[in-house]
Amino acid sequence: MSNYKLTTNEKNVLLALDELASTTPEDLAEKASMKVETAMQSAFLLSENGLAEVNDTITELYTLTDEGRTYAKEGLPERQLINAIQEPTPIDELKEKLSPKMVGIATGWLRRKDWANIENGMIVPSGDAGEAEDEKVLARFTKEAHTLEELGTDNKIIKDLIKRKLVSKTEDKDRTVSITNDGTELVKAGITIEEEINQITSQLLKSGEWKNKNFRPYNIQTPPRPVYGAKVHPYQRLIDQMRQIFLEMGFTEIKGDVVQSSFWNFDALFQPQDHPAREMQDTFHLSSRSELPEDYTEGIRDMHEHGGDLPSTGWGGKWSEDIAKRDVLRTHTTAVTIKYLADNPNPPVKAFCIDRAYRRETIDPTHTPEFEQLEGVIMDENMSFANLLGCLEEFYHRMGFEDVRFRPGYFPYTEPSVEPEVYIDGLGWVELGGAGVFRKEVTEPLGIKQPVLAWGLGVSRVAMLKLGLKDLRELYQSDIEWLRKSQVCQLKD
Ligand SMILES: N[C@@H](Cc1ccccc1)C(=O)O
């Protein structure tokens with residue numbers, strides 16, 4: 001205590017305690033004109049230094065249950081039954097008169113209390129049914145909760161009543177704060193309350209006044225109450241980070257509709273009309289229909305049916321306008337970039353779209369029917385496959401993945417096609433989406449003359465890796481504790 005300096009709050013609490021000697025937190029707070037929390041914080045600090053004492057006492061309280069309250073008024077079942085008979089009476093008769101349940105409860109207690117005997121299906125009163133101890137206790141309940149002393153009984157009777165579910169027990173925590181001898185002596189020796197500075201201001205610094213001021217010391221040992229401020233969801237933060245990287249790499253962000261015609265979602269991407277991905281079990285089909293864009297319909301039909309003017313055979317067969325008109329929830333954000341390219345066919349184009357896509361997946365730890373994709377396109381003269389790999393590698397490096405590789409892949413709209421993968425310690429190579437150079441079958445009917453590099457990357461996969469999650473669903477239905485503890489930024493090591 002020797003070099004312990006009291007804060008103004010502590011002094012005020014100590015003075016209040018000196019007057020009250022022993023008190024509740026609420027009364028103490030009122031006396032010291034503080035909030036209860038503030039007063040108690042000081043009280044604890046004072047108690048750490050032997051000037052005050054904080055004691056918690058637990059009082060056991062007893063309350064009547066609903067059933068207990070009824071019996072307290074109308075009498076216990078055994079009382080009601082014994083009052084109903086003067087002479088030996090058949091049990092069945094009583095069951096009709098009172099109720100089978102009541103008689104069932106009563107008979108056991110009649111015998112235990114020696115009020116009656118059961119003989120040949122008859123209840124035979126013994127003639128001596130004075131007020132029992134438990135009845136006296138029940139009668140003493142005059143308010144909501146009582147202590148054992150107030151009920152004037154021992155544990156045994158109360159325990160039986162609790163067992164009969166007529167009384168329930170609760171605990172009341174009481175906190176008292178009192179001053180110690182050391183505390184009283186300190187007050188006697190005299191306590192002066194001086195002005196104390198809690199916070200330094202620029203005014204104090206500029207004027208030099210701070211030199212003569214008394215600063216409130218901090219106790220850095222006291223753990224503060226944790227404060228969970230509002231913050232951006234970890235998944236949103238990662239999405240923002242990815243967006244930022246593409247913006248920094250000179251891309252323009254684009255947006256598109258969630259509902260797309262099959263035309264833009266599939267046909268414009270040279271996906272054959274009988275492609276399995278278009279089936280009901282893979283795609284969310286809507287009952288609505290969209291008009292086809294006049295400028296491109298013919299070109300797309302020719303491309304599908306016979307390869308248009310290209311040295312390509314197309315998919316053959318008959319291309320159906322009706323199928324192309326069917327609306328779907330976009331199964332990939334490639335629907336957004338391809339439409340954007342059709343609207344902006346002149347180079348250079350560098351665009352990306354980070355948004356939600358929908359597929360009929362059965363929900364499990366690594367699949368959800370809604371998920372985010374990071375889509376991008378580069379269209380310019382002399383763009384090559386190598387530029388595509390370089391761009392994606394750069395993106396993943398900026399996301400903090402050191403090892404990136406590309407495996408050959410297949411998509412109906414790109415050639416060559418690749419699947420980028422990153423290396424994760426403990427997991428190995430993890431596949432992260434698709435990419436490639438758009439086929440001429442895709443670009444030609446839309447009037448695009450330059451090569452187009454394109455990719456569609458899985459965003460939630462990256463988030464799982466970055467956030468260390470085992471279950472994708474955590475991203476969408478997050479545990480509140482996890483959210484509270486999640487970092488708002490990542491420290492570079
Ligand atoms: N659309 C593909 C990804 C992709 C986009 C662009 C080019 C190649 C592949 C998918 O959803 O998996």
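Helix H1 (residues 8-20) and helix H3 (residues 36-48) pack at an angle of about 85 degrees, their axes 9 Å apart. Axes here are lines fitted to C-alpha atoms, for helices over the stretch in contact, and angles run from 0 to 180 degrees between N-to-C directions. This is a predicted model, in which local features need pLDDT of at least 70, side-chain atom pairs count only at pLDDT 80 or more, and totals for chains, interfaces and linings use all residues. Residues are numbered from 1 along each chain as its sequence is written.

**Helices H1 and H3**

- H1 and H3 are therefore roughly perpendicular to each other (65 to 115 degrees; under 35 counts as roughly parallel, over 145 as roughly antiparallel and the rest as oblique).
- H1 contributes Asn9, Glu10, Val13 and Leu14 to the contact, and H3 contributes Thr38, Ala39, Ser42, Ala43, Leu45 and Leu46; two residues are in contact if their C-beta atoms, placed from the backbone, lie within 7 Å.
- The residues of this contact of H1 with H3 divide into six nonpolar, three polar and one charged. Ala, Val, Leu, Ile, Met, Phe, Trp, Tyr, Cys and Pro count as nonpolar, Asp, Glu, Lys and Arg as charged, and the others, Gly among them, as polar.

**A three-stranded sheet**

- Three strands form an open sheet in the order S1-S6-S2, with antiparallel pairing; two strands pair if DSSP finds at least two bridges between them.
- Strand S1 (22-23) and strand S2 (52-64) are the edge strands, and each pairs on one side only.
- S2 and strand S6 (residues 167-179) run antiparallel and are joined by 13 bridges.
- Asp56 has Arg175 in S6 as its bridge partner.
- Helix H10 (residues 155-163) packs on the sheet and touches S2 and S6, its direction making about 125 degrees with that of S6.

**Around the ligand**

- The residues around the ligand include His332, Thr334, Phe411, Thr414 and Trp455; a residue is near a molecule if its C-beta atom, placed from the backbone, lies within 6 Å of it.
- Strand S16 (433-438) and strand S17 (452-458) each supply at least two residues of this shell.
- S16 gives the largest share, four residues.
- The shell divides into four nonpolar, seven polar and no charged residues.

**The chain as a whole**

- The chain has 22 helices and 17 strands; helices (H or I, at least four residues) and strands (E, at least two) are DSSP runs, numbered from the N terminus.
- Of its 493 residues, 29% count as buried (20 or more other C-beta atoms within 10 Å of the residue's own, with C-beta atoms placed from the backbone; exposed means 12 or fewer, and partly exposed lies in between).
- Of the contacts with a separation of 6 or more, 66% are between residues 24 or more positions apart.
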